[in-house]
Amino acid sequence: MAEPADHIAGRLAELGITLPKAQPPVATYVPFAITGNLVVISGQLPMADGKLLSTGKLGVSVSLEDGVAAARQCFLNILAHLNTACEGDLTRVARLVRLGGFVACSAEFTQHPAVINGASDLAVAIFGDAGRHARAAVGVPSLPLDAPVEIDAMFEID
């Protein structure tokens with residue numbers, strides 16, 4: 001049985017999620033690019049209401065829980081741009097192909113996958129099996145604006 005056309009909007013409502021407004025780029029790049037049936041979303045920071053949810057590094061000043069929340073917010077910002085790319089119709093999403101996760105952290109921090117799970121788990125909660133994806137989760141010494149997490153994404157659309 002096919003899912004109703006508004007199943008993504010329904011999932012977002014069930015999860016209590018309102019998509020944020022898509023933020024403009026802060027440098028010389030576009031927020032997303034479409035080629036064929038792929039939408040590539042540029043790296044997103046954990047911005048909410050115009051400011052970062054947290055700043056600093058995991059393993060130093062940012063807790064694992066705050067890192068997970070930052071990754072989740074990055075994914076919401078990704079969805080805001082995806083929604084624009086899909087002209088407001090997220091039912092066009094066939095699947096999430098890949099997430100790239102960057103975690104600003106100390107050299108001793110090794111829980112990068114747990115941090116990026118904040119985005120991955122939300123993707124599956126929203127898109128179901130179509131939200132299961134390939135992924136990278138890497139540690140870096142710093143990110144723009146002292147953000148603890150940055151995530152980019154690639155989606156297949158119909």
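**Cysteines, sheet and cores**

1. The sulfur of cysteine 86 lies 19 Å from the closest cysteine sulfur, that of cysteine 74, which is too far for a bond. A disulfide is a covalent bond between the sulfur atoms of two cysteines; here the term is applied to a pair of cysteine sulfur atoms within 2.5 Å. The structure holds zero disulfides. Cysteine 105 is in no disulfide either, the nearest cysteine sulfur, that of cysteine 74, being 14 Å away.

2. This is a predicted model, in which local features need pLDDT of at least 70 and side-chain atom pairs count only at pLDDT 80 or more, whereas totals for chains, interfaces and linings use all residues. Residues are numbered from 1 along each chain as its sequence is written, and side-chain values use heavy atoms, with hydrogens and water left out.

3. Buried means under 20% relative accessible area, exposed over 50%, and partly exposed in between (1.4 Å probe, protein chains only).

4. Helices (H or I, at least four residues) and strands (E, at least two) are DSSP runs, numbered from the N terminus. Five strands form an open sheet in the order S1-S2-S7-S5-S6, with mixed pairing; two strands pair if DSSP finds at least two bridges between them. The edge strands are S1 and S6 (134-140), each of which pairs on one side only. Neighbouring strands of this sheet are turned by 15° against each other on average, direction ignored. For such angles, axes are lines fitted to C-alpha atoms, for helices over the stretch in contact, and the angles run from 0 to 180 degrees between N-to-C directions.

5. Strands S1 (residues 32-35) and S2 (residues 38-44) run antiparallel and are joined by four bridges. Threonine 35 in this pairing stands opposite leucine 38 in S2. The hairpin of S1 and S2 has two residues between the strands, and glycine 36 takes a positive phi near 60° there.

6. What does S7 (residues 149-157) pair with? S2 is one of its antiparallel partners, over five bridges; S5 (residues 93-104) is also antiparallel to S7, with nine bridges. Glutamate 156 in S7 stands opposite leucine 38 and also opposite arginine 95. Further along, methionine 154 in S7 is the bridge partner of valine 40, and isoleucine 157 stands opposite valine 93.

7. Helix H2 lies across S1, S2, S5 and S7, running at about 40° to S7. The largest nonpolar core has 36 residues, of which Phe75, Leu82, Ile126, Phe127, Ile151 and Phe155 touch the most other members. Such a core is a set of buried Ala, Val, Leu, Ile, Met, Phe, Trp, Tyr and Cys residues joined through side-chain atoms within 4.5 Å. H2 gives the most to this core, with nine residues. Apart from it lies another core, of six residues, including Leu45, Ala104, Val140 and Ala147.

8. Serine 54 is placed in the loop between strand S4 (51-52) and helix H2 (64-85). Serine 54 counts as buried because its relative accessibility is 15%. Leaving aside residues up to four places away in sequence, serine 54 touches Val62, Asp66, Ala70, Ala147 and Pro148, where contact means heavy atoms within 4.5 Å.
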